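Please read this briefing alongside the sequence and the 3D view. It is intended for a reader who is new to the structure.

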Amino acid sequence: MHELSLSSAVLDTALRHAGGQRVKTVELTIGALRQVVSSSLEFYWEIVSRETPCEGARLELNMVEARVRCKACETEWTLDDPIFRCPSCEDSDVEVLTGTEFFVESIDVEEEACTVRE
Amino acid sequence: MHRTRVRVAEDALDANTTIAQANRADFDRESVRVVNLMSAPGAGKTTLLEAVFRDGLGDLRAGVLEGDVQGSLDADRLARFHVPVTQINTDGGFGGECHLDANMVRSALGEVPLEEIDLLIIENVGNLVCPAEFRVGEDAKAMVCSITEGEDKPLKYPLMFRTCGLVIVNKIDLLPHLDYDLDTLLANIESVNPGVEVLLTSARTGEGVERLRDWLASVFHGGAPATDGGTPVGERAAAAA
């Protein structure tokens, strides 16, 4: 049910920026530490967007891996398991560089073309 | 028809954060500190609060905002201790949500006597996933992890364990009856959230409850860390950023 709340939040953000126009694509950046299952997000997105200007809009997902840096020895690594301890020096004073994102980057809206009558 | 790409560049949960900050402002106005208490269903949040309230928090006046999908069973239990308890039901117009968010908390604030309390404990809906995502305006987040849930929970739910400044390991009175390796749990907690404060408690026997009272008091006095994986998460810190 996590993805239901998140897709609702995405919908609210997209509608706020769409200016009433039909939305065709929503571009998201999602970090691995947000525990989002993309197929679940797409499933709930289809449901929450029905009968809104976002109905039928496609989610464009940029998934970002979790990168962590050890403050003691400056080693950087990609987190596969949620172990926040440096693989080099075993220190636990670490900094999460990427992986916590949940951003709506952009939306594609469909505009009516202007026609000029001669 | 032609398409235009509109740049948004917004955190999708910005709206929730904005409302959480409004809640924060209301809490600050009345000098109330807030704890967001989370756990899986049945870990013992309500029973621990009963144990805390049984002997009281000294001069500290506590109130509870109780979040459940349905019913008032937990609120009724806590109201017996003469602390103001306000119930939020997420199925009452919020679609039966599995967590509290800032908007739900805000909707209930009118019924919370903020001027009569020093510390508000928000007992969240039992859920190890979603509540970790939604700030509600709290000063500190704490979670209860009971030993009947298994040693591997921190590895399976890292976001929850990392977002809290306190992990309460509950039901330790059952240790003699279970094939359970407490050291493995503690090591897993330490791997996922290094340095997080951990309390061992039994709401049933009262073991560790005094230290939990001390921690709650320290939240009020501003000493307890409100951590979100190592960075301050309280809205005061967000406003200062």
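This is a predicted model: local features need pLDDT of at least 70, side-chain atom pairs count only at pLDDT 80 or more; totals for chains, interfaces and linings use all residues.

Residues are numbered from 1 along each chain as its sequence is written, chains are lettered from A and ligands numbered from 1 in the order in which they are written, and side-chain values use heavy atoms, with hydrogens and water left out.

**Confidence**

- The model has an ipTM of 0.86 and a pTM of 0.88.

**Strand β3 of chain B**

- Helices (H or I, at least four residues) and strands (E, at least two) are DSSP runs, numbered from the N terminus.
- In strand β3 (residues 62–68) of chain B, seven of seven residues are buried, that is, under 20% relative accessible area, where exposed is over 50% and partly exposed lies in between (1.4 Å probe, protein chains only).
- A62(B), V64(B), E66(B) and D68(B) point one way from β3(B), whereas G63(B), L65(B) and G67(B) point the other way.
- Strands pair if DSSP finds at least two bridges between them; β3(B) runs parallel to β5 (residues 119–123) of chain B, with five bridges, and V64(B) stands opposite I121(B).
- Five bridges also join β3(B) to the parallel strand β4 (residues 85–89) of chain B, where V85(B) is the bridge partner of V64(B).
- Between β3(B) and β4(B) the chain passes through helix α3 (residues 73–79) of chain B in a right-handed β-α-β crossover: with the strands pointing away from the viewer, the path from the first strand over the helix to the second runs clockwise.

**N188(B)**

- N188(B) belongs to helix α7 (residues 182–192) of chain B and counts as buried because its relative accessibility is 13%.
- A polar atom of the N188(B) side chain lies 2.9 Å from the backbone oxygen of E151(B).
- Beyond four places in sequence, N188(B) is in contact with E151(B), D152(B), P154(B) and L155(B).

**Cysteines**

- Which cysteine sulfur is closest to that of C70(A)? It is that of C89(A), at 3.6 Å, too far for a bond, as a disulfide needs sulfur atoms within 2.5 Å.
- The sulfur of C130(B) is 3.5 Å from that of C98(B), also too far for a bond.
- The count over all chains is zero disulfides.

Technical notes:
A polar contact is a pair of N or O atoms within 3.5 Å; within protein, one must be able to donate a hydrogen and the other to accept it, and residues adjacent in sequence count only if both atoms are side-chain atoms. Contact means heavy atoms within 4.5 Å.
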